[in-house]
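Take a walk through this protein, one region at a time. Keep the viewer open as you read.

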Amino acid sequence: MSCNRFTPAITRRELLARSSCGIGLVGLAALLSDAAEAAGPAAGGLPLAVRQPHFPPKAKRLIFLFMHGGVSQVDTFDPKPMLAKLNGQPLPIAKPKVQFAQTGDILQSPWEFRRYGKSGLPVSDLFPQVGQCADDLCVIRSLHADQSAHGGALLQFHTGSGMFIRPSLGSWLIYGLGTENRRLPGYITICPTLAHGGVQNFGSAFLPAWTQGTRIGNASIPMSRASIRNLRNPETRPELQRRQLDFLRGLNEEHRTRAGHDPRLEGQIQNFELAFRMQTEAPELMDLSGESKATLDLYGIGQEPTDNFGRQCLMARRFAEKGVRVVQCTHSYKWDQHSRLREDHTQNASEVDRPIAGLLRDLKSRGMLEDTLVLWGTEFGRTPTAQGKDGRDHNPHGFTVWMAGGGVKGGMAYGATDEYGYYAVENKVHMHDLHATLLHLLGIDHTRLTYRHAGRDFRLTDVHGRVLTEIIA
């Protein structure tokens, strides 16, 4: 190496020996910088940092598969032989006092149910691929809720309340647990509906803005064209973006010092920072070209009618694999069969059956199903009585959801509706109970996850909720 007359010459080997500690300290400084950011707001770091659960969790993450419109429970996962016996006859029991619309006589299911797996769990012919995963399913047949219209029902499922603006389930989970990857959002919703509650279904309401869901596309955009808006800036180098953000952050923090605490401003600062970090990882994750043909075939990608939802499900696995805490996929808005039950439920199921089963198999083969909780659900069920000639009306009084992985018992059905499938009658599960159980499986006591707003403590389950310990493995 070159030297001047005041510096004794040293060899390259001596230079490396003398500077080795310094090189190590540089690496340590980088690690400590990441650790400081991960320490959370109390330490001046990132709000999305990992937080300790209340107790050891069964699951680390949640994938929510939402079927928008109201899937008929008596045609999918809750067989009712009595409907075939009494087809076309008046319902022998009283209908609800408040109904969304009038219905007529009993309508039998157009589909047969078959028993699958070692458990013998019955699943209709609408879902033959999901049926083959029956031993991993925990089917809850006795869910009931309070809203019979789509808007209120979607809000209650997603936020716990069908009448008031409340934080979404995903936002509560991010607030309580943070996320494992600071370069990605903690909560992602793929192709969500912008109707029936719209952004409130994945919004943060009065929780900090950084807990809201990050949207990829929406229900009106094919998944092959869906994206996160403004994810990349093709005209500005990252170095210059960083300088711009630092300058803007300085201005914002100066304003915050003068004006005091402003949650909206704080949320904007954090959103800018997250968006900058996402450029390094999100584009690659959203590119499916590196997946094998076998994986694409597993999800039905590149084929019709499964391509669209298959892309959603595969994207969910990729994001979950990289540490995103909550991912939602929405099949919207197709399941509202007030008429054409046979034709439209058949078409809808053909679009999602293979992708859902592919997701379960893929997670299982990668060892991820053990600590990934998969929830399949819909805002309400359908009546066992006919609407018009060949449809069913909304029914929030007894319907079905199922879970898989993440600490639930597989190959079982919990709860029951009456022999016609109208009302939940055995081991009834209210929406608050379902939410309490989801939080519990992720290590959160639903009574302790609270946020003070407008003079009182709020929680996802309000003042209700019972954990379904009977379904926990």
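How many of the eleven residues of helix α12 (residues 431–441) are buried? Ten of the eleven are, so α12 is largely enclosed by the rest of the structure. Buried means under 20% relative accessible area, exposed means over 50%, and partly exposed falls in between, with a 1.4 Å probe and protein chains only. Helices (H or I, at least four residues) and strands (E, at least two) are DSSP runs, numbered from the N terminus.

Before going further, note that this is a predicted model: local features need pLDDT of at least 70, side-chain atom pairs count only at pLDDT 80 or more, and totals for chains, interfaces and linings use all residues. Residues are numbered from 1 along each chain as its sequence is written, and side-chain values use heavy atoms, with hydrogens and water left out.

Back to α12. Its buried residues include Met-431, His-432, Asp-433 and Leu-441. The cover over them includes helices α4 and α5, along with β4 (137–144), β8 (372–377), β11 (399–405) and β15 (429–430). Just after α12, Gly-443 takes a positive phi of about 90 degrees.

Now turn to the rings. The whole structure holds 13 aromatic pairs. Rings of Phe, Tyr and Trp (its six-membered ring) pair if their centres lie within 6.5 Å; planes under 30 degrees apart are stacked, over 60 edge-to-face, and the rest tilted. Phe-66 and Phe-157 make an edge-to-face pair, 5.9 Å centre to centre with 75 degrees between the planes. Phe-66 lies in strand β1 (residues 61–67) and Phe-157 in helix α4 (residues 150–159), so the pair ties together parts that are 91 residues apart in sequence. Phe-66 is buried at 1% relative accessibility. Phe-157 is buried too, at 0%.

Trp-172 and Tyr-175 also pair edge-to-face, at 6.4 Å centre to centre and 80 degrees between the planes. Both lie in helix α5 (residues 169–177), three residues apart, about one turn of the helix. Trp-172 is buried at 1% relative accessibility, whereas Tyr-175 is partly exposed at 23%. Elsewhere, Phe-77, Phe-127, Trp-335, Trp-376 and Trp-402 form one aromatic cluster. Arg-456 lies over the face of Phe-458, 3.9 Å from the ring centre. A charge sits over a ring if NZ of Lys or CZ of Arg is within 6 Å of the ring centre and within 35 degrees of the ring normal.

Next come the empty spaces. Rolling a probe the size of a water molecule over the atoms shows where empty space is left. On a 1 Å grid over the protein atoms alone, a cavity is a set of points where a 1.4 Å probe fits but cannot get out; a pocket is an open set with protein on both sides within 12 Å along at least five of seven lines; lining residues have an atom within 4 Å of a point. Grid points are joined across faces, edges and corners, and a volume is the space filled by probe spheres set on the points.

The structure holds four cavities of 30 Å³ or more. The largest cavity has a volume of about 50 Å³. Phe-66 is one of its lining residues, and others include Leu-154, His-158, Gln-328 and Thr-330. The elements that give two or more residues to this lining are α4 and β7 (326–331).

The largest pocket holds about 780 Å³ of space. It is lined by 32 residues, of which Gln-212, Thr-214, Arg-215, Ile-228 and Arg-229 lie nearest its centre. β6 and α7 (263–278) are the elements that give two or more residues to the lining. α7 gives the most, with eight.

Ser-227 lies in the loop between β6 (214–216) and α6 (238–259). It is partly exposed, at 39% relative accessible area. Leaving aside neighbours within four places in sequence, Ser-227 is in contact (heavy atoms within 4.5 Å) with Arg-215, Ile-216, Gly-217 and Met-286.

Finish at Thr-385, in strand β9 (residues 381–387). Thr-385 is buried, at 0% relative accessibility. Its side chain makes a polar contact of 2.8 Å with the side chain of Thr-103. A polar contact is a pair of N or O atoms within 3.5 Å; within protein, one must be able to donate a hydrogen and the other to accept it, and residues adjacent in sequence count only if both atoms are side-chain atoms.
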